[in-house]
Amino acid sequence: MEIRHNWTAQDVQALFDKPFMDLLFDAQQVHREYHPANQVQVSTLLSIKTGACPEDCKYCPQSARYRTDVEKERLMEVEQVLEAAEKAKASGATRFCMGAAWKNPKQRDMPYLLDMIQGVKGLGLETCMTLGMLDAEQAKTLSEAGLDYYNHNLDTSPEFYGNIITTRTYQERLDTLSNVRDAGMKVCSGGIIGLGESARDRAGLLVELANMPAHPESVPINMLVKVKGTPLENVDDVDPFDFVRIIAVARIMMPKSAVRLSAGREDMNEQMQTLCFMAGANSIFYGCKLLTTPNPDEDADMQLFKKLGINREAVSQKPDQVTEHDLLEQVAERVASRPQEGDLFYDASV
């Protein structure tokens, strides 16, 4: 199948209109043309700075505008992040993703972020961050530190976007992704299903992603996790078959991309997840929590993989020529050499 960047809404609707089994069959054929069969890449996501976000994303419990059970936390210490990365690696993750509830990172945050990137890479893991909007210089700095992926989701279609977020524009999201690509990092960008959007909006999201000059290397497809206190806590549930169709259409439209089964897996039974893998999903987030929302634990995922004969993707990077203990010692020395006042545990929410 050819790689296309000229999809129309009519093209996508034609895919959605296919009989369910035909769509899955087509998606699986595309998947096997570009990816190894029965292999799923495993990532772990850690919230390195939680809550008090100034944005008004209606789905997000970390927004300072909504009353949820999420506690405001300051930026984590570098050593804590590396300890979490070590545990993720031991559990089978090949990529470690770090998320901060910011509109955009401030200059004072950058030294700690760079230490986190270099430390995680030293453990032999791929690195990914989601920190909000980036300007060109910030993207260049993160790339030079060795950041492999940057996540910045489009969330939904341009037409529906204003119903969900008003504190940053759709174009600002596209500009951040352009800065990431220009800096040489890989792009991780997808969306959320179940925000109250229409079928046309779901098609519009996929058109935006698939018509980028280069497809995102990673496309996370999230099913909304409804959180009490957010404006979307009572929105209608997503039909499971509709969600599987999204996965299949994303696979067909972006053949080389990793399509990640992301938030919402806690509400998916084994059969639904299996259909998603059949439809072309070949990446998951692994662990008991995604930022602030639940996720199936590692044992449940491994049991399902065993039933399906799925083998986790092997670690793609070798550790540096230092032991993990030595790496932690090096980071500790760098941190200790800095001024102590407000060093790591300043209030990063302002």
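Apart from its neighbours within four places in sequence, Q28 is in contact with F277 and M278. This contact pair belongs to a predicted model. Q28 lies in helix α2. The residue is buried, with a relative accessible area of 10%, against a cut-off of under 20%. The C-alpha atom of Q28 is also separated by 8.3 Å from that of R251, a residue 223 positions away along the chain.

Helix α2 spans residues 20–34 and has 15 residues. From the first C-alpha to the last, α2 reaches 22 Å. That is close to the 21 Å expected at 1.5 Å a residue. Its buried residues are F20, L23, L24, A27, Q28, V30 and H31. Viewed down the axis of α2, these buried residues fall within an arc of 160°, so they line one face of the helix. An α-helix has 3.6 residues a turn, so residues three or four places apart point the same way. The face of α2 turned away from the buried side carries the exposed residues M21 and F25.

For α9, the packing geometry is as follows. The axes of α2 and α9 come within 9 Å and cross at roughly 35°. The crossing of α2 past α9 is left-handed. On the α2 side, the contact is made by F20, L23, L24, D26, A27, V30 and H31. The α9 side contributes F241, V244, R245, A248, V249, R251 and I252.

From α4, the residues making the contact are M110, L114, I117, Q118 and K121. From α5, they are Q138, T141, L142 and A145.

These helices sit within a protein chain of twelve helices and twelve strands. Of its 350 residues, 56% count as buried. Among contacts in the chain with a separation of 6 or more, 77% are accounted for by residues 24 or more positions apart.

Notes:
Residues numbered from 1 in each chain as written. Predicted model: local features only at pLDDT ≥ 70, side-chain atom pairs only at ≥ 80, totals over all residues. Heavy atoms only, no water. Helix = DSSP H or I, 4+ residues; strand = E, 2+ residues; numbered from the N terminus. Expected span 1.5 Å × (residues − 1). Buried < 20%, exposed > 50% of the residue type's maximum accessible area, 1.4 Å probe, protein only. Arc of directions from axis to C-beta. Contact = heavy atoms within 4.5 Å. Axes fitted to C-alpha atoms, helices over the stretch in contact; angles between N-to-C directions. Left-handed = near helix turned anticlockwise from the far one by under 90°.
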